[in-house]
Amino acid sequence: MPITSCTIIRRPGYYYLANDLEGTLVGEDYCILIISDNVILDGNGKSINPHGKNAVVLKPHVMTVRNITIINTTFLNVDIAILVDQDSRDIIITNNVFSSGLAVYTRNFISRCRISNNIFLDSSVKAKVYECEITDNKFINGSLILIDQHNTAGYVKNIISYNEFQNGGLRFDAEVGIGRLGGGPMLYVVENNTVNGKPLIYIQNRRGINLENIEAGQIVIVASEDIKIRNIRISNTEAGIVLFNVVGTTVTECNIRNARYGIYVLSSRDIKIEKCKFDRNNIGIFISRITREGPSKNILIANSTLIENKKGIVVKGVEMLKIHKLSIKNNYIGAEIDDSNNINMEHCQIDENGEGLQVNITTDIEIRNSNIMNNKIGLNAREVKYLIISNLEVKNNEIGITLNFPSNIKINDIKIENNKVGIVFNQGTNISFMNNLVEKNELGVKVISTSNFKLSKNTYTKNNQAISIIYFSRDIQVTDSIFAENVFDINISGDVSVWSEAKLNNITLLNGKVGLIANRSTVIASYILIKNYAMGAFITNYSDVTIDRCIVEKVETGFSARKASLTVMNCRLSNYEHGFIYIDELRRFNIINNIFENGKTAIWIRQISSRLPPCPQGKIINNTIINNYVGINITKTGNIFISNNTFSKNTFGVFLMNSSQVDIRYNVFYTNKIGIYDYGYLWMKFDRNTIMQNKFINNRVAIRLTIEK
């Protein structure tokens, strides 16, 4: 029966193409659908071109389609040429030409099949086969991929023979099941196949085999033990070396290049890969598991080079992996580790990759004594637990390290230098960052919505911004650290609806521009030394900050606040332009028991506009203010209580400029040029100020009052 256009074959019979077919059935993703048994589809030398969709689909109305033959057809521009959508039996696919896409793909089992004498151009077969023969085919830039083998209790023989692969080969997908060493069915007879004109070496159910200095297009080891592979050169294949359900195998001094997978390991244990080179592969080393076979376990990759691969190493579902002394360079991703545990990485050089190391959903991992340099992202981790990073050099990356949703993390003794962003902590908890050097980064440490985080005994130097803590970060502690020659040291910022919270203790800030920025945050800072700064701290946007027992020297401005609540107590400020400035939309502030000396203005409380309301509450109590041009300057505001302070050797002890409701009492003014100067315009009603019970000793002028109309 001739076929002249895309159609559905509903009845048994012999069908042939009368002409080339293009496109698909209207509204469908296929050209020909076969839903009947006992069908021969003869291409008659013609072609099917579904324009990037599926050519032929086998999908019966009942459980299984049987006795289908597809011959003499050329398939062009397909997604899938022959799609077997349900269990099928007695399928023959022969004498066809497949170009592009998947030639044959079986979503379910295909049994008692024969795939033979076909040509696959840039096309692969991906099938679940059972009692099948795949023989005498030619694969050019294509491979045979076997998936999800039927679990049978009897003897089953799949024959794969006399196939010729060019730039391809044989591979098992991650859900294959093959008999274990020491018993079980032998499911494959693989013989007389070649890859790039060299033998495809297939070993199954063997012990103690040595493969050394041999010519091989591909090596496949299945359900075997104590295999040694040494000094093999393989290129341009699907997978250079395949290890499936293998125990105690060593691969040394091998060179694999231009393969889809350099080494492909499934559900194997006690594997060593040493002194090998993997370059220009899609994936250099792939290690994974099959659910019913268990994880790959106790793997060593050491003293090897991975260069110019799309991905150097990919690890999925592995236990006990050691990665030692590797050079991982110029890969898109250097190493990718997913869903694994007990990982140890040491003495590696990770250089000039897109992402040096990517780790996802992995537990119990250590990265030590390695260099991560010149990558777009050095280490990119997501949902890792119990991670230890120590003795690393993280240098010249766009982002050195980024940790997303981490928990139970310890990072110590690492050097983070000259990165655009040194390290990012995003939505993590229970983190320790200790004894590290962070220098010459655009941004050293970025903390996003993270809690229970301690940064201790670190040195931050010559960064544009040393630490940024943002977006609802809670229980952040920065302690026992040194900040030197940064432009901005610590920036703590919350969101509109949620504040960040941090404690700063026993830190030294030297030779920077701004020491602390607090924006929508709650901060307690104590035992801080701030020296040689444009501004020691800037507090804004409704932050609530307490600064206690700090020393501030040689600054333009010690502390500046706007729209914030601030307490400064038990501090010593000296050699400043302005010790403390509070500007505009004033909120609660307390300045208690501090020493201000040798500056231009010790304390300046001002509103830029007299139309703004006065400060809700301000207290300046028990301070010693010595040798300033102005001790306290109150400008265009009020509701401030100034009490029990000592003013000495200032030009102006207290200068009130157009202010009201300022209460000045119980203070001592000693040897100032003018003790209190109250200056204002008559319309400002500045006469609401209270000045009483103060002591004036040896001042040139005790109180001066000036009224302008």
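The legends below accompany an overall view and several close-up views of one predicted model.

In this predicted model, local features need pLDDT of at least 70 and side-chain atom pairs count only at pLDDT 80 or more, whereas totals for chains, interfaces and linings use all residues. Residues are numbered from 1 along each chain as its sequence is written, and side-chain values use heavy atoms, with hydrogens and water left out.

**Figure 1**
Helices (H or I, at least four residues) and strands (E, at least two) are DSSP runs, numbered from the N terminus. Along the principal axes, the C-alpha atoms fill a box of roughly 120 × 60 × 35 Å. Of the 709 residues in the protein chain, 56% are buried, where buried means under 20% relative accessible area, exposed over 50%, and partly exposed in between (1.4 Å probe, protein chains only).

**Figure 1. The disulfide between Cys6 and Cys31.**
The structure holds 2 disulfides, a disulfide being a pair of cysteine sulfur atoms within 2.5 Å. In the one shown here, the sulfur atoms of Cys6 and Cys31 are 2.2 Å apart. Cys6 lies in the loop between β1 (2-3) and β2 (7-9), while Cys31 belongs to strand β5 (residues 30-34), so the pair ties together parts that are 25 residues apart in sequence. The disulfide is left-handed because the torsion about the S-S bond of Cys6 and Cys31 is about -95°. Cys6 counts as buried at 13% relative accessibility, and Cys31 also counts as buried, at 0%.

**Figure 2. The disulfide between Cys113 and Cys132.**
Here the S to S distance is 2.1 Å. The bond links distant parts of the chain, 19 residues apart, with Cys113 in the loop between β14 (102-111) and β15 (114-116) and Cys132 in the loop between β17 (124-130) and β18 (133-135). The torsion about the S-S bond of Cys113 and Cys132 is about 130°, so this disulfide is right-handed. Both Cys113 and Cys132 are buried. With bonded cysteines counted along the chain, the disulfides follow the pattern 1-2, 3-4.

**Figure 3. Cys276 and Cys550, with the cysteine sulfurs closest to them.**
Cys276 is in no disulfide, and the nearest cysteine sulfur, that of Cys254, is 4.6 Å away. Cys276 counts as buried, at 3% relative accessibility. The sulfur of Cys550 is 4.2 Å from the closest cysteine sulfur, in Cys571, which is too far for a bond. Cys550 is buried as well, with a relative accessible area of 2%.

**Figure 4. Parallel pairing of strands β44, β47 and β50.**
Two strands pair if DSSP finds at least two bridges between them. Strand β44 (residues 341-346) and strand β47 (residues 363-368) pair in the parallel sense over 5 bridges, and in β47 the bridge partner of Ile343 is Ile365. β47 also pairs with strand β50 (residues 385-390) in the parallel sense, over 5 bridges, and there Arg368 stands opposite Ser390 in β50.

**Figure 5. The second largest pocket and the largest cavity.**
On a 1 Å grid over the protein atoms alone, a cavity is a set of points where a 1.4 Å probe fits but cannot get out, and a pocket is an open set with protein on both sides within 12 Å along at least five of seven lines; lining residues have an atom within 4 Å of a point. Grid points are joined across faces, edges and corners, and a volume is the space filled by probe spheres set on the points. The second largest pocket has a volume of about 170 Å³, and among its lining residues are Asn196, Lys198, Glu215 and Arg233. Strand β30 (residues 233-235) gives the largest share of this pocket's lining, 3 residues. A search of the whole structure finds 1 cavity of 30 Å³ or more. The largest cavity holds about 80 Å³ of space and is lined by 14 residues, of which Leu509, Leu516, Ala525, Ile528 and Ile530 lie nearest its centre. β65 (500-519) and β66 (521-540) each supply at least two residues of this cavity's lining.
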